[in-house]
2 protein chains.
Amino acid sequence: MADLPFFLRESSGTQEEIMKATYCALCEYGYSELTIQRIGEHFDKSKSLLYHHYENKDSLLLEFLQFILDEFQHSIPDNKEQRADERLNIILDRLHADTLSEEQQNFVRAMVELRAQAAHDDRYRSHFTHSDQQFHALLVDIIQDGIKENIFQRVEPERVAAFLLTCTNSAMLQHATSDNDYITHSREEIDIYINTRLMKNSSPQ
Amino acid sequence: MADLPFFLRESSGTQEEIMKATYCALCEYGYSELTIQRIGEHFDKSKSLLYHHYENKDSLLLEFLQFILDEFQHSIPDNKEQRADERLNIILDRLHADTLSEEQQNFVRAMVELRAQAAHDDRYRSHFTHSDQQFHALLVDIIQDGIKENIFQRVEPERVAAFLLTCTNSAMLQHATSDNDYITHSREEIDIYINTRLMKNSSPQ
């Protein structure tokens with residue numbers, strides 16, 4: 001795997017090896033064709049470890065989702081000295097990646113399949129409710145800082161954050177489930193929205 | 001079913017009865033637990049008709065998706081005499097429903113599960129690529145009219161339409177897969193975006 005995401009590049013220890021195997025198997029098979037056995041194909045240690053620790057593929061996948069949420073959060077530079085608009089752009093670029101390698105595309109597709117499990121499985125629903133809340137809080141924090149820094153207009157941070165979160169989640173859905181290239185346009189329009197809705201000294205488009 | 005959607009209220013004929021049974025079974029079981037047998041439980045005529053016409057549940061569901069796309073499109077009033085901003089609002093309100101009955105919520109959840117099939121199944125991918133293109137074209141048409149009517153600013157219609165489509169798809173995803181109420185805020189921010197980005201004489205927020 002030449003193209004491992006940042007959170008798996010320095011994996012060490014059994015748990016991280018399991019997470020890496022899960023990532024690779026998800027990219028290869030997607031959710032519906034995934035089995036613990038197929039995750040085992042990407043795991044160098046004893047397969048019985050997997051069967052011993054996880055009741056079924058969903059228990060393993062829920063742990064995987066929590067793992068990548070934690071890793072994503074740790075990876076965000078907590079640089080309060082950076083301007084709020086720059087911090088916001090870094091987050092949106094990460095969430096809204098529109099130039100993905102084939103493997104990354106497969107991973108986004110699998111993530112959309114996992115998110116769809118939340119439509120009928122309360123454990124997934126609880127995870128995505130929580131993970132959206134984490135991202136929402138992060139965006140609210142940046143918007144509040146931008147208002148304090150006098151860079152952003154006096155908007156309601158919760159409201160603007162909810163909208164930005166919804167847009168980025170949806171861009172992922174769009175990318176994973178259709179062949180249309182609407183994602184680039186979406187990102188451009190988010191920039192315009194930020195410029196006119198948030199920035200105090202916005203330039204005309 | 002006291003709460004059938006508009007496109008099934010006056011169902012008559014075998015095909016429409018099948019579509020109605022599919023709708024009811026989808027609301028009751030969601031995608032993953034759905035079987036042709038369970039659709040048959042909601043179908044008054046001979047169950048063998050279902051097995052005869054459809055190879056598996058996915059063939060039936062793909063026909064169902066095409067059916068509701070057609071019905072949705074026919075239901076949109078083609079009233080070119082109405083102002084473009086009013087026409088836009090009607091479409092966005094329909095797609096962005098934020099007060100749903102329990103049955104409608106179940107249907108939205110099932111639709112998200114169906115959309116997620118597009119992550120690994122080319123038949124679903126082809127359907128949602130096509131259906132997004134239909135909605136995109138509809139939005140482009142309204143935005144172009146608004147520019148001609150001198151109500152909207154001279155934006156790139158394709159770009160703004162792509163963004164609006166992403167926003168509305170996203171409302172559905174959020175609603176179906178988390179317990180957070182971000183959808184109301186999102187709709188408010190879409191209105192602000194339309195007001196500042198599209199409308200020529202926008203009022204200050």
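1. The model is predicted: local features need pLDDT of at least 70, side-chain atom pairs count only at pLDDT 80 or more, and totals for chains, interfaces and linings use all residues. Residues are numbered from 1 along each chain as its sequence is written, and side-chain values use heavy atoms, with hydrogens and water left out.

2. An automatic or database assignment divides chain A into domain 1 (1–75) and domain 2 (78–205). Their C-alpha centres lie 25 Å apart. The contact (heavy atoms within 4.5 Å) takes 22 residues from domain 1 of chain A and 20 residues from domain 2 of chain A.

3. An unreviewed UniProt entry lists "domain: HTH tetR-type" at residues 12–72 of chain A; such annotations may be inferred rather than shown by experiment. Over residues 12–72 the chain is 74% helix and 0% strand, where helices are DSSP runs of H or I with at least four residues and strands are runs of E with at least two.

4. Domain 1 and domain 2 of chain A bury about 2,000 Å² between them, 65% of it on carbon and sulfur atoms. Buried area is the accessible area (1.4 Å probe) that two parts lose on being put together, summed over both. Tyr31(A), Leu65(A) and Phe72(A) supply 30% of the area that domain 1 of chain A buries against domain 2 of chain A, more than any other three residues.

5. Across this interface the rule finds 0 salt bridges (a side-chain nitrogen of Lys or Arg within 4 Å of a carboxyl oxygen of Asp or Glu).

Conventions
Chains are lettered from A and ligands numbered from 1 in the order in which they are written.
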